[in-house]
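Please look over the notes below alongside the coordinates.

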Amino acid sequence: MRECGILLPIASLPSKYGIGAFSKEAYEFVDQLKEAGQSYWQILPLGPTGYGDSPYQSFSAFAGNPYFIDLEQLTKAGFLTEEECLETDFGEDEASIDYEKLYNGRFLLLKKAFLRWKEKMGRKGTDIDRIFEKRLIQETRDYCFYAALKRHFGEKSWILWDRDIRLRKKKAVEKYKRLLAEEIRFYEFQQFMFLKQWKKLKAYANKNGVRIIGDIPIYVAFDSADSWSHPELFQFDEENRPKAVAGCPPDAFSATGQLWGNPLYDWKYHKKTGFRWWLRRMKYCFDLYDVVRVDHFRGFDEYYAIPADAETAVNGTWEKGPGITLFKKMKKVFGKVNIIAEDLGFLTPSVYKLLEDTGFPGMKVLQFAFSTGERSCYLPYFYDHNCVVYTGTHDNDTVCGWYEAMEKEEKEFTKDYIGRGDTPRENVSWDFIRLAAASVADLSVVPLQDYLGVGKEGRINTPSTLGGNWTWRLKKGEFTPEIIERCRKLNWVYGRCRE
């Protein structure tokens with residue numbers, strides 16, 4: 001079945017209060033997707049973000065970002081006032097996110113909402129601890145304990161906490177659970193509201209024929225509830241410090257490779273437990289999303305291990321991952337699993353074999369197709385139907401920004417391939433959208449910025465850089481009825497549009 005979708009992070013939605021949220025604008029975007037004939041809305045990871053604001057470096061694989069909680073719904077429920085929200089400084093630029101102001105303002109509002117909600121529950125005689133125990137899985141509650149501890153220790157990484165609680169000694173755990181009980185409840189309230197609002201939005205999307213493609217990084221962050229709560233899952237020493245960390249080896253783009261610093265899994269331990277943690281993680285994801293895009297799929301075949309004390313990624317080694325065993329277990333437990341494998345970059349024959357054995361669709365990115373050297377596997381005539389084609393991803397420039405920066409030779413090759421050389425700048429991205437839609441790929445996904453014809457100012461992320469990333473936002477009214485109709489018509493022409 002030929003289908004199409006649009007990539008837009010939740011954070012990039014327009015809203016009144018500094019960042020995209022599960023607000024009325026999210027419901028309006030679902031309506032726009034339906035009008036545009038789209039079957040999918042692809043988003044980025046929904047977890048709470050840490051240093052650098054990257055959704056791929058989350059404080060938990062089992063928690064949601066409290067920034068996405070819609071303040072207007074809390075206001076309608078009587079837990080906040082509109083004046084309190086409007087008085088909070090979230091930044092003046094509607095096209096950008098100011099994370100520092102969000103951090104300083106959002107949690108104060110959520111704390112007020114929590115106290116009023118708790119008071120209301122108290123008047124009803126409701127046991128809120130029982131509510132949280134019933135609605136939140138254990139790993140989410142582990143995150144809430146970790147988040148309260150992190151606040152208690154001045155937001156320091158858990159490796160810098162007092163030794164007994166860092167190592168989760170029983171007496172220390174009991175002590176801090178008593179000491180921080182109210183703060184833990186505050187974080188549990190956030191997760192309760194996050195899930196309540198997100199599931200309502202997802203149900204609305206599904207009712208309108210729009211399925212959600214979620215996104216998960218293969219690795220967790222070192223400073224996360226996952227690594228603190230379950231050190232046995234990782235390659236740690238007796239003091240719970242990493243023996244080795246994740247990254248990528250040197251290549252044509254970086255002479256020293258990429259040192260990501262994420263903890264590496266102890267795959268022998270995972271296999272011994274029947275991959276219990278991974279099954280819990282995937283169940284959490286399948287409850288949140290209709291389809292899950294798994295980042296860095298290659299790491300399940302082989303992963304690059306770098307000594308923990310290394311300053312670059314030069315001296316790493318390739319080690320064997322769990323391979324097909326993990327995915328066989330998933331299929332045994334869940335049945336058919338809807339996974340998209342992020343298989344970008346240099347791949348070995350064993351990775352291709354793993355992808356073939358799983359049957360998962362891989363990814364094709366048009367911005368990788370037009371090198372004038374070797375024929376790229378991302379050129380559409382190499383595709384088979386079981387793949388997802390993108391004009392670009394969150395890690396790419398927009399099509400317009402990328403095209404403007406192309407070398408002359410590559411641009412000429414691109415014009416020859418497309419068969420058009422006189423396209424006005426504001427319509428360049430539509431040539432590539434058409435190329436994706438016309439391909440044999442089962443699914444075509446286009447970042448919204450490319451439908452809008454936005455330049456490099458619309459880029460979401462530049463890998464291996466800090467600052468200025470994850471801040472782009474859609475302006476209200478920017479996704480116009482004219483663009484929506486053009487989007488629907490183009491995808492209808494190529495057999496992708498829902499009737």
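1. Helix H5 (residues 128-135) has Ile128, Ile131 and Phe132 as its buried residues; buried means under 20% relative accessible area, exposed over 50% and partly exposed in between (1.4 Å probe, protein chains only). These residues span an arc of only 95° around the axis, so they sit on the same side of H5; the arc is taken over the directions from the helix axis to the C-beta atoms. Helices (H or I, at least four residues) and strands (E, at least two) are DSSP runs, numbered from the N terminus.

2. This is a predicted model, in which local features need pLDDT of at least 70 and side-chain atom pairs count only at pLDDT 80 or more, while totals for chains, interfaces and linings use all residues. Residues are numbered from 1 along each chain as its sequence is written, and side-chain values use heavy atoms, with hydrogens and water left out.

3. Exposed Arg130 and Lys134 lie on the face of H5 turned away from its buried side. The cover over the buried residues includes helix H4 (99-123), helix H6 (138-152) and helix H9 (181-207), where contact means heavy atoms within 4.5 Å.

4. Aromatic pairs number 60, counting rings of Phe, Tyr and Trp (its six-membered ring) with centres within 6.5 Å; planes under 30 degrees apart are stacked, over 60 edge-to-face and the rest tilted. Phe327 and Phe360 form an edge-to-face pair, because their ring centres are 5.5 Å apart and their planes stand at 80°. Phe327 belongs to helix H13 (residues 324-334) and Phe360 to the loop between helix H14 (349-358) and strand E10 (362-365), 33 residues apart. Phe327 is buried at 2% relative accessible area, and Phe360 is buried at 4%.

5. How many salt bridges are there? The count is 28, a salt bridge being a side-chain nitrogen of Lys or Arg within 4 Å of a carboxyl oxygen of Asp or Glu. Within helix H9, Glu182 and Arg185 are three residues apart, about one helical turn, and their side chains form a salt bridge (3.1 Å, N to O). Glu182 is partly exposed at 31%, as is Arg185 at 22%.

6. Two further salt bridges deserve a look. Asp290 pairs with Lys202, with the closest N and O atoms 3.0 Å apart; the partners are 88 residues apart in the chain. Asp215 and Arg293 meet at 2.9 Å, N to O. Asp215 is in strand E3 (residues 211-216) and Arg293 in strand E6, so this pair ties together parts 78 residues apart in sequence. Asp215 and Arg293 are both buried.
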